[in-house]
Amino acid sequence: MQHVWDRFDYTQDVDWLHKQGYPLLKGIAQFWVSQLQEDLFFNDGTLVSNPCNSPEIGPTTFGCTHYQQLIHQVFDNVLSSASIVGEKDKGFLNSVVSSLAKLDTGIHFTTWGGLKEWKLPDSYGYDNRTTHRHLSHLVGWYPGYSVSSYAGGYNNATIQDAVKETLISRGLGNGEDANAGWEKVWRAACWARLNDTDMAYEELRYAIDTNFASNGFSMYTALSQPFQIDANFGLAGAMLSMLVVDLPVAYGAGKERVVVLGPAIPSVWGNGSVSGLRIRGGVSVDFRWDENGIVTKATPISFTRGRGKIIFLNARGDRLAEI
């Protein structure tokens, strides 16, 4: 459903949202409204998924972090969509509002400072430091946005520190369980959303040097067969994350939005430029940066009826443009 919301958010195609996107979002939201359960383990008044797990690691349990983060996005997106398509089912909307208010959003911290992958106490032994290839519990940081945007994580030092400690724990993407390119570019994108240029570029280069064959295909483990396209797709995602932080606005949070251009552009890309980079809200932007990777000029263009003001900043916080 993240792809459904993204398709609308970038195109602002209301007709498509009404006919295809919103029915999908509504159906998934209805499912989770009916399936969420009260957390009777902690008795904290929150709603959790039960049963759930974290892909390829750990137990089947309740309140798994990446489930909670993605459900958060679905509820928020369906509420934002409902006002656009003119949803008249007040009972459904009230049920989503009520569930969202009580939803555990999956943001809990380990005793060692990372973001928890499970809601279970650390004493159960599942949230220890590990170099496992997956970053499933960071899906709300990247490629999602329930943590980075809806929970305010991009501007919250506590959440940023937890994401950083999690990435440090997981390592460079060459742990005992794998040495794949896709895990490295995923880490690069997460570091970029932390505005950490050095680590984002280190992971990007490491993936290219370690996992990309001479024909440009990414391999499964180092340069061993088979070809696995995940890192080829992920490479573009990581580079875009280094070029722009473009997060949606949470439901009810107002219509002004800040886009950061060049959050993690390395100096080796110095004196570069981008043309026609798509931005949420039916906007594209041209921009250029100096020898240090700091964006100095931006020219946004809107292709659709605007739904709120967009302010463009660079990594230093300089105001470059608005639309």
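**Close-up views of a predicted model**

View 1. Seven bridges pair strand β10 (residues 283-289) with strand β11 (residues 295-302) in the antiparallel sense. This is a predicted model, as are the views that follow. Five residues lie between β10 and β11, and in the turn Gly-293 has a positive phi of about 85°.

**View 2. An open sheet is built from four strands.** Follow the strands in the order β7-β8-β12-β13, and note that their pairing is mixed. At the edges stand β7 (244-245) and β13 (319-322), each with a single partner strand, so one side of each has no neighbour in the sheet. Three bridges hold strand β12 (residues 310-314) and β13 in an antiparallel pairing. Look for Phe-312, whose bridge partner in β13 is Ala-321.

**View 3. Arg-257 and Asp-246 meet in a salt bridge.** Here the N to O distance is 2.5 Å. Arg-257 belongs to strand β8 (residues 257-261) and Asp-246 to the loop between β7 and β8, so the pair ties together parts that are 11 residues apart in sequence. Both Arg-257 and Asp-246 are buried.

View 4. The whole structure holds 19 salt bridges, and in the one between Lys-119 and Asp-104 the closest N and O atoms are 2.8 Å apart. Both partners sit in the loop between α4 (90-102) and α5 (146-150), 15 residues apart. Lys-119 is buried, with a relative accessible area of 6%, and Asp-104 is buried too, at 5%. Through shared partners, salt bridges join Asp-39, Asp-44, Asp-104 and Lys-119 into one network.

**View 5. Arg-133 reaches Asp-177 from a distant part of the chain.** In this salt bridge the closest N and O atoms are 2.7 Å apart. Arg-133 is in the loop between α4 and α5, while Asp-177 is in the loop between α6 (157-170) and α7 (181-193), 44 residues apart. Are the two partners buried or partly exposed? Arg-133 counts as buried, with 16% relative accessibility, whereas Asp-177 is partly exposed, with a relative accessible area of 30%.

**View 6. Trp-32 and Tyr-67 form an aromatic pair.** The structure has 13 aromatic pairs. In this one the ring centres of Trp-32 and Tyr-67 are 6.2 Å apart and the planes lie at 85°, so the pair is edge-to-face. Trp-32 comes from helix α2 (residues 14-35) and Tyr-67 from helix α3 (residues 65-85), which places them 35 residues apart. Trp-32 is buried, at 16% relative accessible area, while Tyr-67 is partly exposed, at 23%.

**View 7. Aromatic side chains gather in a cluster and in a surface patch.** One aromatic cluster is formed by Phe-41, Phe-42, Phe-62 and Tyr-124. On the surface, Phe-41, Phe-42, Tyr-124 and Tyr-126 make a nonpolar patch with about 390 Å² of accessible area together. Phe-42 is found in the loop between β1 (37-38) and β2 (47-48), and with 34% relative accessibility it counts as partly exposed.

**View 8. Charged side chains sit over aromatic rings.** Arg-7 lies over the face of Trp-16, at 4.4 Å from the ring centre. Elsewhere, Lys-184 lies over the face of Tyr-206, at 5.2 Å from the ring centre.

Notes:
Residues numbered from 1 in each chain as written. Predicted model: local features only at pLDDT ≥ 70, side-chain atom pairs only at ≥ 80, totals over all residues. Heavy atoms only, no water. Patch = residues over 30% accessible without salt bridge, like charges linked within 9 Å, V, L, I, M, F, W, Y side chains within 5 Å. Areas by Shrake-Rupley, 256 points an atom, 1.4 Å probe, with all protein chains shown as cover. Salt bridge = Lys/Arg side-chain N within 4 Å of Asp/Glu carboxyl O. Helix = DSSP H or I, 4+ residues; strand = E, 2+ residues; numbered from the N terminus. Buried < 20%, exposed > 50% of the residue type's maximum accessible area, 1.4 Å probe, protein only. Phe/Tyr/Trp six-rings, centres within 6.5 Å; stacked < 30°, edge-to-face > 60°. Lys NZ or Arg CZ within 6 Å of the ring centre and 35° of its normal. Pairing = 2+ DSSP bridges.
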